[in-house]
Amino acid sequence: MKGIIDELLNPTVRWEELLMVEVCTSTTRDQKNWKKPNRRKIIGEHPVVLPSAQGTTCGTIVAVMDVSGSISMKEKVKALTEVKSICEMQKPETVWVLWTNTHVAHADECESMEEFDDVIAEAQAGNRPDNGGTHMPAAFDYCDEWGIEPNTMIVFTDMYTDFGKAPSYPVIWGATTDIKAPFGTTIRVDIPK
């Protein structure tokens, strides 16, 4: 009986669902079409020509993988699989995967889900970096240096890092520990090792 009451009072929400909600909330924006004006706004004495809505897109998603060695490649692949399912729903223009320790050790740019599948397959095969220290703000610096403008950034880490200064875009921290980031949204990620 106590277990049932605890479950009702403290419902468990899967981290995958929380991540989906956070990314969808932070990235979705309406696409506008200027070739097809919004007819509802072209009425009256002084018509206003505005674009029509054409659907939604989420621009650029950046997934940052902590490759300091404290998170297994199996955990990283599971995290990337969740990012892929989000991308299939959100349809970003570009997805970047930044393999980061004290610097960005490797970067993958994906403009299609096939390219993203290749990144996951390469990670499963052990062809991505997997050692070093931890300095997650290196991903923020990399985006600034290379002109990458994320609509949202998802950082998968054990949170044993300095956090740096909050960037101008939303950051979602997928934390494998109970440490909470000083900015952005922290989601506790439980992935079996």
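Mentor: Keep in mind that the model is predicted. Tyrosine 142 sits in helix α5, which covers residues 137–146. Set aside the neighbours within four places in sequence. Tyrosine 142 is then in contact with Trp96, Leu98, Val104, Ala107 and Ile148. Histidine 103 is 39 residues away along the chain, yet its C-alpha atom is 8.2 Å from that of tyrosine 142.

Now the helix itself. The buried residues of α5 are Pro137, Ala138, Ala139, Phe140, Tyr142 and Cys143. They pack against five strands: β3, β4, β5 (residues 104–110), β6 and β7. Past the end of α5 comes glycine 147. Its phi is positive, near 70°.

Next, the aromatic rings. The structure holds 6 aromatic pairs. One of them joins phenylalanine 140 and tyrosine 169: the ring centres are 6.5 Å apart and the planes meet at 70°, so this pair is edge-to-face. It links distant parts of the chain. Phenylalanine 140 belongs to helix α5, while tyrosine 169 lies in the loop between β6 (152–157) and β7 (171–175), 29 residues apart. Both phenylalanine 140 and tyrosine 169 are buried.

A further pair is made by phenylalanine 163 and tryptophan 173. This pair is also edge-to-face, with 5.2 Å from centre to centre and 80° between the planes. Again, distant parts of the chain are linked. Phenylalanine 163 is in the loop between β6 and β7, and tryptophan 173 is in strand β7, 10 residues apart. Phenylalanine 163 is buried, as is tryptophan 173. The two pairs come together in one aromatic cluster, formed by Phe140, Phe163, Tyr169, Trp173 and Phe183.

Step back to the nonpolar cores. The largest has 23 residues. Those with the most contacts inside it are Met65, Leu80, Val83, Val97, Trp99, Phe116 and Phe156. The elements that each give two or more residues to this core are β3 (60–66), α3, β4 (94–100), α4 (113–124) and β6. Helix α3 supplies the largest share, 6 residues.

The structure holds 1 cavity of 30 Å³ or more. About 40 Å³ of space lies in this largest cavity. Its lining is Met65, Ile71, Glu75, Lys76, Ala79, Phe156, Thr176 and Ile191. By class, that lining has 5 nonpolar, 1 polar and 2 charged residues. Helix α3 (residues 73–90) gives the most to the lining, with 3 residues. Met65 and Phe156 line the cavity, and both are among the residues with the most contacts inside the largest core.

How values were computed:
Residues are numbered from 1 along each chain as its sequence is written. This is a predicted model: local features need pLDDT of at least 70, side-chain atom pairs count only at pLDDT 80 or more; totals for chains, interfaces and linings use all residues. Side-chain values use heavy atoms; hydrogens and water are left out. On a 1 Å grid over the protein atoms alone, a cavity is a set of points where a 1.4 Å probe fits but cannot get out, and a pocket is an open set with protein on both sides within 12 Å along at least five of seven lines; lining residues have an atom within 4 Å of a point. Grid points are joined across faces, edges and corners, and a volume is the space filled by probe spheres set on the points. Helices (H or I, at least four residues) and strands (E, at least two) are DSSP runs, numbered from the N terminus. Ala, Val, Leu, Ile, Met, Phe, Trp, Tyr, Cys and Pro count as nonpolar, Asp, Glu, Lys and Arg as charged, and the others, Gly among them, as polar. Contact means heavy atoms within 4.5 Å. Rings of Phe, Tyr and Trp (its six-membered ring) pair if their centres lie within 6.5 Å; planes under 30 degrees apart count as stacked, over 60 as edge-to-face and the rest as tilted. Buried means under 20% relative accessible area, exposed over 50%, partly exposed in between (1.4 Å probe, protein chains only). A nonpolar core is a set of buried Ala, Val, Leu, Ile, Met, Phe, Trp, Tyr and Cys residues joined through side-chain atoms within 4.5 Å.
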